[in-house]
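I opened the model today and kept notes as I went. The entries follow the order in which I looked things up.

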Amino acid sequence: MKIIQITDLHLRSDKNYNAFEINTFQSAEMIISHISKQHRDIGALVISGDISDDETSESYSNLMEITDQINTEIYLMPGNHDSIEEIEKCASNNRVNSELYFMRDNWVFFMFNTKKNNSPNGLLKQHEIDIFINMLRENSDKFFMIFLHHHPVKIGSPTMDKMIIENANILLELIEQYKSIRGVSWGHIHNVFETQLNNAKLFSTPSTCYQSKPKSKSFVIDEKEKPGYRIIHFSSSGELKTEVRRMC
Ligand SMILES: [Fe+2]
């Protein structure tokens, strides 16, 4: 089973909006159009937050317009720039979902809402952690993949690391405890970071628009890196293989 993750679209009501000299609408449209043609076999498309840049309902209409060509289920989760109300409105569409988790084959895909109110930082909510722990206990025969907006581990960029999930230690302790957690992926940092903890691969996905330089002190645009997306393959025996693709 193959799932594709895209993240940090930063769409605004204005389709002509440029962020760091990249038109965010056109860049997201280019990637989604590419995915719809090159990956007809995907089981789901996960969009891991910062869908919007201005929280307007028009920015989410723009998302619906460019995802119309994708013939698969779409899962939305909020980033620090998103409106949860607008995401829920999008989820009234048949193919679009904003549930906390979904299950396919012997995998559970869990999508925490890491948006902290009135802050760019990440925060896990106790009621979602409780549901997750219950799922882990009740589905000991299944494998778990977690999607987040914010990063749960330090990535070596001080500005970004201030915005880390403040209570990520709860999640890291669960990864240490449960060998069934096989992967954790996030957005927000606009570049690629990969590490391993216990049985889980931990990694980020590049933005569909502007990229940032890894391990830079402040947020610095990486002009060499192109917009991208992530492909993740899940095997029935709990193996996870993943790769990032960049647009040329
Ligand atoms: Fe973000």
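I began with the contacts of Tyr-17. Setting aside neighbours within four places in sequence, I find Tyr-17 in contact with Arg-12, Thr-24 and Phe-25. Contact here means that the C-beta atoms, placed from the backbone, lie within 7 Å. I place Tyr-17 in the loop between β1 and β2 (18-19). Helices (H or I, at least four residues) and strands (E, at least two) are DSSP runs, numbered from the N terminus.

The cut-offs: buried takes 20 or more other C-beta atoms within 10 Å of the residue's own, exposed takes 12 or fewer, and partly exposed is in between, with C-beta atoms placed from the backbone. I also checked Asp-53. It is 36 residues from Tyr-17 in sequence, and the C-alpha atoms are 9.9 Å apart.

A note on the source: this is a predicted model, in which local features need pLDDT of at least 70, side-chain atom pairs count only at pLDDT 80 or more, and totals for chains, interfaces and linings use all residues. Residues are numbered from 1 along each chain as its sequence is written.

Next, the whole chain. I count six helices and 14 strands in the protein chain. The radius of gyration is 17 Å, close to the 18 Å from the globule rule for 248 residues, so the chain is as compact as a globular protein of that length. That radius is taken over C-alpha atoms, and the rule is 2.2 Å times the number of residues to the power 0.38. Along its principal axes the C-alpha trace spans about 50 × 40 × 35 Å. Buried residues make up 42% of the 248 residues. Of the contacts between residues at least 6 apart in sequence, 66% join residues at least 24 apart.

Then the helix pair. I looked at α1 (residues 24-38) and α2 (residues 57-67). They pack at an angle of about 30 degrees, with axes 9 Å apart. Axes are lines fitted to C-alpha atoms, for helices over the stretch in contact, and angles run from 0 to 180 degrees between N-to-C directions. That makes α1 roughly parallel to α2. Under 35 degrees counts as roughly parallel, over 145 as roughly antiparallel, 65 to 115 as roughly perpendicular and the rest as oblique. The crossing of α1 and α2 is right-handed. Right-handed means that the near helix is turned clockwise from the far one by less than a right angle; anticlockwise is left-handed. Phe-25, Ala-28, Glu-29 and Ile-32 in α1 meet Asn-62, Ile-66 and Thr-67 in α2.

Strands pair if DSSP finds at least two bridges between them. Four of the five residues of β1 (residues 2-6) are buried, so β1 is largely enclosed by the rest of the structure. β1 pairs with β13 in the antiparallel sense over four bridges. There, Ile-3 has Ile-232 as its bridge partner. Four bridges also join β1 to β4 (residues 44-48), in parallel. Ile-4 has Leu-45 as its partner in β4. β13 (residues 228-234) and β14 are antiparallel over seven bridges. Ile-231 stands opposite Glu-243 in β14.

Another open sheet of six strands has the order β7-β8-β9-β10-β12-β11, again with mixed pairing. β7 (101-104) and β11 (194-197) are at the edges, each with a single partner strand, so one side of each is left without a neighbour in the sheet. The twist averages 15 degrees from one strand to the next. Helix α6 (residues 168-177) packs on this sheet, touching β10, β11 and β12 (200-204). The direction of α6 makes about 60 degrees with that of β11.

Last, the pairs around β12. Four of the five residues of β12 are buried, so β12 is largely enclosed by the rest of the structure. Four bridges join β10 to β12, in parallel. Ser-185 has Phe-203 as its bridge partner in β12. Four bridges join β11 to β12, which run antiparallel. Here Glu-194 stands opposite Phe-203. The hairpin of β11 and β12 has two residues between the strands, and Asn-198 takes a positive phi near 50 degrees.

Key: Contact = placed C-beta atoms within 7 Å.
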